[in-house]
Amino acid sequence: MSDTEFDRKPQKDARRGPPILSCYDDLAGSCAYGWSMLERGVKDRKSAFHTPSVATVTADGSPTIRTVVLRSCDSAAKSLRFHTDTRSGKIAELKQNPMAAMHFYDAGAKVQLRLAVRLACLDGDAYDAAWAATRPMSRECYQVMQSPGSQIDDPYGVTFDPQATKDGEDHFVPVVAHVLRMEWLYLAAKGHRRALFDFEADTQSWLVP
Ligand SMILES: Cc1cc2nc3c(=O)[nH]c(=O)nc-3n(C[C@H](O)[C@H](O)[C@H](O)COP(=O)(O)O)c2cc1C
C-alpha cells in the first residue's frame, strides 16, 4: 500500500489488503456505516473518530480549524455535540457564521467523513444535562480566569478559580452540530468508494472518488 492509499489505481488482484467493508457497494449501507463510526467515536476514546476537526470561518473570512472531543451522536436527529469555552474563538465565529465543517479520518478503517454542519450553542435542559455529565477533570479547564487564546507574559501566570466560575459552569458551553451533508470516502485496493448524503434534500449519490 502506498503512503496515503488514495493515489492507487484499482487493483486487478484485490485479495491483498484488509477485508472489504460489507457496505462497499451499498449506498445506504455506507451512510449507516458512517453514522455507526460516529456513534462509536463518542464511546471509544481510542477511535480516531473520537477527536474530529471542526472548521469555522473567522470574521475576516479566513478558514480556521481545531480538534475537539466528540461528546454525543444522534443518528436519528442527524446531530453531533462537542463542548467548549464560551470565550473561545470558535464561539465568536459560529455566532457570526454558524456554517462549519467537520472532518474525521480513521486510518485503520480507511474511512474519511467530511460533514457540512450548522453549529448552535445549547441551552435549557440540553445544557443542564451536558454540564451534569461532565467529569471534575473536564470542568477544570473552564475554571481558567483568563480568556482562552489571550496573550500572557508568563505561562505560569494562568489562574483557575472554581468559586469565581461556578466550578467552570460560567464558561462551559455544549455545541450541537446539525449535520446537513455527509461525504463518505472509503479507500479500498479494488477501487475507492465515495458518496454524498444530503440530509436536507434527502438525496444520496455515489461520486467519482
Ligand atoms: C486531542 C484534543 C482534543 C481537544 N478537545 C477540545 C474540545 O473538546 N473542546 C475545545 O474547545 N477544545 C479542544 N481542544 C483544543 C482545541 O483544538 C483548540 O486549541 C482550542 O479549543 C482553541 O480553539 P479556538 O480558539 O479556535 O476556539 C482539543 C485539542 C486536542 C489536541
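User: How many C-beta neighbours does Asp167 have inside 10 Å?
Analyst: This is a predicted model, in which local features need pLDDT of at least 70 and side-chain atom pairs count only at pLDDT 80 or more, while totals for chains, interfaces and linings use all residues. Residues are numbered from 1 along each chain as its sequence is written. A residue is buried if 20 or more other C-beta atoms, placed from the backbone, lie within 10 Å of its own, exposed if 12 or fewer do, and partly exposed in between. Asp167 counts as partly exposed because its C-beta neighbours inside that distance number 16.

User: Which loop holds Asp167, and what is its phi?
Analyst: Helices (H or I, at least four residues) and strands (E, at least two) are DSSP runs numbered from the N terminus, and Asp167 lies in the loop between α4 (136–140) and β7. Although Asp167 is not a glycine, its phi is positive, at about 65°.

User: Where does Lys78 lie, and what is its phi?
Analyst: Lys78 is found in the loop that separates β3 (72–74) from β4, and Lys78 is partly exposed because 19 other C-beta atoms lie within 10 Å. Its phi is positive, in a residue other than glycine, and is near 55°.

User: In what order do the elements of the chain run?
Analyst: The chain has four helices and nine strands. Read from the N terminus on, they follow the order α-β-β-β-β-α-β-β-α-α-β-β-β.

User: Which residues is Val117 in contact with, leaving aside its neighbours within four places in sequence?
Analyst: Two residues are in contact if their C-beta atoms, placed from the backbone, lie within 7 Å. With the neighbours within four places in sequence left aside, the contacts of Val117 are Ala100, Ala101, Met102, Ala177, His178, Val179 and Leu180.

User: How far apart in space are Ala55 and Met102?
Analyst: Ala55 sits in strand β1 (residues 53–57) and is partly exposed, because 17 other C-beta atoms lie within 10 Å. Its contacts, apart from neighbours within four places in sequence, are Pro63, Thr64, Ile65, Ala100 and Ala101. Ala55 and Met102 are 47 residues apart in sequence, but their C-alpha atoms are separated in space by 6.2 Å.

User: Which element gives the most to the shell around the ligand?
Analyst: A residue is near a molecule or strand if its C-beta atom, placed from the backbone, lies within 6 Å of it, and 15 residues surround the ligand, the closest being Arg66, Thr84, Ser88, Gly89 and Lys90. Elements that give two or more residues to this shell are β2 (63–67), β4 and α2 (89–96). The most, four residues, come from β4.

User: How many residues of the shell around the ligand are charged?
Analyst: Here Ala, Val, Leu, Ile, Met, Phe, Trp, Tyr, Cys and Pro count as nonpolar, Asp, Glu, Lys and Arg as charged, and the others, Gly among them, as polar. The shell divides into four nonpolar residues, eight polar ones and a charged group of three.
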